[in-house]
Amino acid sequence: MPQSHLFPRLAAPAAMAALIPLTACNGDKKAEEKPLNIVYIMTDDHTAQMMSCYDTRFAHTPNLDRIAADGVRFTNSFVANSLSGPSRACMLTGKHSHKNGFTDNTTCVFDGSQPTFPKYLQEAGYETAIFGKWHLESLPTGFDTWEIVPGQGDYYNPDFIQMNGDTIVRHGYLTNLITDLSLDWLENQRDKDKPFCLLIHHKAIHRNWMADTCNLELYEDQVFELPENFYDDYAGREAASTAEMRIADHMDLIYDLKMNRADKQSDLKERYESYYNRMDSAQMARWDAFYGPMIEDFYSKNLKGRDLAEWKYQRYMRDYLKTVKSLDDNVGRVLDYLEEKGLLDNTLVVYTSDQGFYMGEHGWFDKRFMYEESFHTPLIMRLPKGFDRRGDINQLVQNIDYAPTFMEIAGIKEIPADIQGRSILPLLKGEDPEDWRETLYYHFYEYPAEHMVKRHYGVRDDRYKLIHFYNDIDQWELYDLQEDPHEMNNLYGKPGMEEITQQMMEKLHQAQVEYDDPIEQSLQK
Ligand code: SGN
Ligand code: CA
């Protein structure tokens, strides 16, 4: 039953609709006369395998594909630390985690007094705003306007924290609501004489992948091929073997896959019910009409072993893809708005995620590892008029590069020396700088913690990857990504690999010196 006490300051649907009067263009100055605007859309856990502009096997994302088609697709885009808060802190500051201080989701509070790109943009005359997931514990700084969800946020009828400190409940589905707020700001609130930088930060497609009720029927007739390493035995990879993120063993039937029934229990049942109970009666009715028969069918089959694991994989893929559908639709709304208002020519539109994600590769969900699926993050950009670069950009880029890129776009000539990323603007202009980086550095800290992925750091070039798992383990891994793209064969210590190992050790050392993260030296003492 709906719980009316959940909605103390409910905005009526009519009021929400009135937020966005999409009236005809109203006297904006000619687009080409103004500095470039930035719309930065960041989703959560959206992996490139689940975007049709990257991978046509599973998803249909026509609006994301529009961004890539009218701009560029980065094929070698990575994060510095594959977790939400740390990734956001890297993106805001242009610095690796050990420099911005936000190393993990569980113990850190972002120091909001430090310089960030929105603050630099404000100084350069930009108006800045963020709506949606923030996940940095302290409240946003550097934004003229913000409204964020607490922590991870809720998919249905979510709480929002407002600038005046109030927490309100907004009625509806979160991906739509975040877009409503963003479009309302663009249309009704911002100062139209200033260039703007708008951050639209979605909770979707974070666990537990609750789709909007209008999309529940989607993808049900599709059967997805299992990744070839779904039954990985993790031989030679101790940290992979002890991680707790296997679909077969750690994905919860009730919380993750919605198979809730009165006689069934799980550790996460209460959490699932707290999300479910946020729905109103109409939402619940549609939810139950969809999942109810499936729940009965599932428990009647009494699946075990591989049959159960593969059933879980299929449900996971479908729920994830249904949740992606709302994202794609809402990105379409933003593009349509910009187009209708004549803003597209003058706006850089960026779409990325806080990290990649496992869709059954290695048998997993979640992220955290420096292995390709979660080290990668999708990055596509729709380019403003005058930027003729199209297609793929293959250089190694990382989320520490976004801050200096946006600063350069805003006309800031001197990027402060302590910013560790590098502006990718030259790549967007079609240049091929000879001194572009040849290695990427990575460092993950959140252990012991949920999913039990050991602490590790490493370096990757265009062919090899060297990782050191440390703390309560001391294991090295080396991969040849050309011969072994799925990272199944740890070459560290294998005969014939001495020279490559030595070269990668040197690259690791150089990266730790360059980024001033001398962990390697302190571990050896
Ligand atoms: C929650 C999830 C985890 C997930 C972390 C971090 N558990 O704790 O599965 O790894 O977030 O995700 S849940 O039971 O709360 O869903 S992150 O993207 O925010 O870093
Ligand atoms: Ca995430």
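Before we start, a quick convention: Ala, Val, Leu, Ile, Met, Phe, Trp, Tyr, Cys and Pro count as nonpolar, Asp, Glu, Lys and Arg as charged, and the others, Gly among them, as polar. Keep in mind that this is a predicted model.

**Exercise 1.** Work out what surrounds ligand 1, and how the shell divides by class.

*Solution.* Start with the head count: 19 residues surround the ligand, and the closest are Tyr 255, Arg 271, Asp 366, Glu 450 and His 451.

**Exercise 2.** Find side chains that make polar contacts with oxygen atoms of ligand 1, using a cut-off of 3.5 Å between N or O atoms.

*Solution.* Take Tyr 255 to begin with: a polar atom of its side chain lies 2.5 Å from a ligand oxygen. Next, the side chain of Gln 152 puts an N or O atom 2.8 Å from an oxygen of ligand 1. Lys 367 does likewise, with a side-chain N or O atom 2.8 Å from a ligand oxygen. As for cover, the protein takes up 92% of the 460 Å² of accessible area that ligand 1 has on its own.

**Exercise 3.** Which pocket holds ligand 1, and what lines that pocket?

*Solution.* Ligand 1 sits in the second largest pocket, which has about 410 Å³ of space. Its lining runs to 25 residues, with Asn 105, Gln 152, His 206, Arg 368 and Glu 450 nearest the centre. By class, that lining splits into 11 charged, nine polar and five nonpolar residues.

Terms used:
Residues numbered from 1 in each chain as written. Chains lettered and ligands numbered in written order. Predicted model: local features only at pLDDT ≥ 70, side-chain atom pairs only at ≥ 80, totals over all residues. Heavy atoms only, no water. Near = heavy atom within 4 Å. Polar contact = N/O pair within 3.5 Å; in protein donor to acceptor, adjacent residues only side chain to side chain. Areas by Shrake-Rupley, 256 points an atom, 1.4 Å probe, with all protein chains shown as cover. 1 Å grid on protein atoms, 1.4 Å probe; cavity = no way out; pocket = protein on both sides within 12 Å on 5 of 7 lines; lining within 4 Å. Sits in = over half its atoms within 2 Å of the grid points. Points joined across faces, edges and corners; volume = space filled by probe spheres on them.
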